[in-house]
Amino acid sequence: MVDEGYILANKFRRAIFDELVAGEKDIRHIAKKHRIIMRVAQKVVDDFEAEGLVTHQGPFYSFTEAGQKLVDTMYS
């Protein structure tokens, strides 16, 4: 299971995670807003998905139950 250190240890993971928490679901918008190369942003969300934190449908991502538990831990 991923802990908050995994998210906080990388500025790209942190930026993307924070945007997902804020309700943004489109990885393209997140990448553009934070000036992250799309390939890097895609790698981050692919890693999040591999760790079971998010699921996606097209370019739209949302938290899984495990991801929501991490959000609740980090932001409560």
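A residue counts as buried when its relative accessible area is under 20%. Keep that cut-off in mind as we walk through this structure, which is a predicted model.

Let's start with leucine 20, which you'll find in helix α2. Its relative accessibility is 8%, so leucine 20 counts as buried. What does leucine 20 touch, once we leave aside its neighbours within four places in sequence? The list is Lys25, Ile30, Phe48, Val54, Tyr61 and Phe63. Now look over at valine 71: along the chain, leucine 20 and valine 71 are 51 residues apart, and their C-alpha atoms are separated by 9.7 Å.

Two of the names on that contact list, Phe48 and Phe63, come up again when we turn to the aromatic rings. How many aromatic pairs does the structure hold? There are 4 of them. One is made by phenylalanine 17 and phenylalanine 63: the ring centres are 5.3 Å apart and the planes sit at 70°, so this pair is edge-to-face. It's a link between distant parts of the chain, since phenylalanine 17 belongs to helix α2 (residues 11–22) and phenylalanine 63 to strand β2 (residues 60–63), 46 residues apart. Are these two buried or exposed? Phenylalanine 17 and phenylalanine 63 are both buried.

Ring pairs join Tyr6, Phe17, Phe48, Phe63 and Tyr75 into a cluster.

Note on methods: Residues are numbered from 1 along each chain as its sequence is written. This is a predicted model: local features need pLDDT of at least 70, side-chain atom pairs count only at pLDDT 80 or more; totals for chains, interfaces and linings use all residues. Side-chain values use heavy atoms; hydrogens and water are left out. Rings of Phe, Tyr and Trp (its six-membered ring) pair if their centres lie within 6.5 Å; planes under 30 degrees apart count as stacked, over 60 as edge-to-face and the rest as tilted. Helices (H or I, at least four residues) and strands (E, at least two) are DSSP runs, numbered from the N terminus. Buried means under 20% relative accessible area, exposed over 50%, partly exposed in between (1.4 Å probe, protein chains only). Contact means heavy atoms within 4.5 Å.
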